[in-house]
Amino acid sequence: MSGLDAFAEGLLAPAATCPPGLLTWNGSAPEKRFAVYRNNVVVGLVDALADSFPVTQALVGEDFFRAMAREFVRVKPPRSPVLALYGDGFAGFIEDFPPVAGLPYLADIAHLEYLRVMAWHAADVDAITPERIGAVLADPDGLPQARLTLHPALLVLPSVHAVVSLWAAHQADSPALALAAVDPAQAEAALLWRNGLEVEIRRVGPGTALFIGRLQQAASLAQAGAAAMAADADFDPAATLALLISCGAITGITTPRNSVA
Amino acid sequence: MQPVASRLPARKHRSLPARAGIGLKPEHFRAILDTAPDIGFFEIHAENYMVDGGPFHHYLTRIRERYPLSIHGVGLSIGGEGPLDEGHLDRLAALLDRYQPESFSEHLAWSSHGGVFLNDLLPVAYDAATLERVCAHIGRVQDRLKRRMLLENPATYVEFAASTMAEADFIGEVVRRSGCGLLLDVNNVHVSCTNHGRDARDYLAALPLDAVEEIHLAGFAEDSDGAGAPLLIDSHGAPVAEVVWALYCHALDLIGALPTLIERDNDIPALPVLLAEARHAERILERLQPAAHGVAA
């Protein structure tokens, strides 16, 4: 066992412990001093989660959220000093956390909030111009085989719960009664993208979410469109392309004949 | 081996001015661009900007065009037992390359262990093995970043039975062997000396003060230890205390005027409150000559 093992283990141990080999100038017991480090580590990481998951916190209350986040910190402490993206895995942890079994939508809300942070910090990429998109769309032979490159901040989350409505009901500009009107068991799909410096979240149909998901996996427009139409009779490919263009989400197009990026 | 710093060009990067700066906080991005405050420099925590894009880089790019910049790392774990995280060092190199800061600094502490990031600046034993390790890590950082780094003295709450050197002597030896500079955190001096029953002025006098290139000032919180003695916590959540201002003036009398950061990372007030604290530091700096060892006036 190396010198720092016991110190490191004591920081995340559930019960207060104190590693051997500590000194205090006045002979006081070192436990209370070591507790400062324990507190710094856990509170700092719980605070980082609270920053990233405000709606998750609002849904369970601050005390419960912090207790749950403490458990997560102990089970899955960060592996990287870049804390902006700490919380990958928090939704999965919530899904298997027995005390919140009565809130089946909570894990998807946490997932949505994690995607929001990812969209916030995603790389800056310029959209291609509407004129260049139009040139591809105007070629009916090439269009079905076209493959789109989408903006890294464009993300989708299909859910069997009302994730967008629940999230929206917790925003500052939401009417006070909005939450009571939400049926959590209503399936919704979320679309996230960065509009200037803000992350926007809106509800889209299941076909749209599936279509975008397939495009992100490098399916052609024809392949993605067929999958979306098979799954969702209301899927509208033209409206979905218009939505992607209005979000500035198309950053490249390749067709069998040419490539625009 | 010759210390890396002496093999590098002495002034490849321009220095921070011997003025006051403040930590750059997202809460203040817009206000800074809208009001263009007269401030000496901004300092960022490197790890907060290790993201691909978005608002943080948008604002930092614009603010950096207008002000000198210090990049302050909190995650390199220079005191750690394992090798440095080369992936993290790569991210750091990319960030420094992008923003070309006037200064880069890190801590005499560890924060990662066994692949886990512990998100705190943890204390090291001051012994021969740690000295060797810290110097090797600093050498690797300076080689990889191709610049001299500043090392910050720590705020600590415990000491180790294994220590064989006083903290100030340990830091002096690190500076001598690695060629790094020193970031003198005056609040940490007060906090650590109070927590370990030392005299802060004696401690200062034992440091290699001619290596100091930047000063940090911050607020602390007060608790008590198991025997009821004062235990100060380096909280960065309060204004700079009077006792720390007094110690700052004493340090400047010994060294001369140096770039001075007002650090505030918790309970962050409105921008004008931090600017007022920075102005207080500037009034003290204006009474002094710049430090003799090459800081830009």
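1. Of the 297 residues in chain B, 49% are buried, a residue being buried if 20 or more other C-beta atoms, placed from the backbone, lie within 10 Å of its own. This is a predicted model, in which local features need pLDDT of at least 70, side-chain atom pairs count only at pLDDT 80 or more, and totals for chains, interfaces and linings use all residues. Residues are numbered from 1 along each chain as its sequence is written, while chains are lettered from A and ligands numbered from 1 in the order in which they are written.

2. The C-alpha trace of chain B spans about 55 × 40 × 40 Å along its principal axes.

3. Chain B holds 10 helices and 13 strands (DSSP runs numbered from the N terminus: H or I of at least four residues, and E of at least two).

4. The contact between the chains takes 40 residues from chain A and 40 residues from chain B, with two residues in contact if their C-beta atoms, placed from the backbone, lie within 7 Å. On the side of chain A that touches chain B, α2(A) gives the most, with 10 residues.

5. β1(A) pairs with β8(B) (residues 159–160) in the antiparallel sense over two bridges; pairing requires at least two DSSP bridges between the strands. Within this pairing, L23(A) stands opposite E159(B).

Technical notes:
Buried ≥ 20, exposed ≤ 12 C-beta atoms within 10 Å, placed from the backbone.
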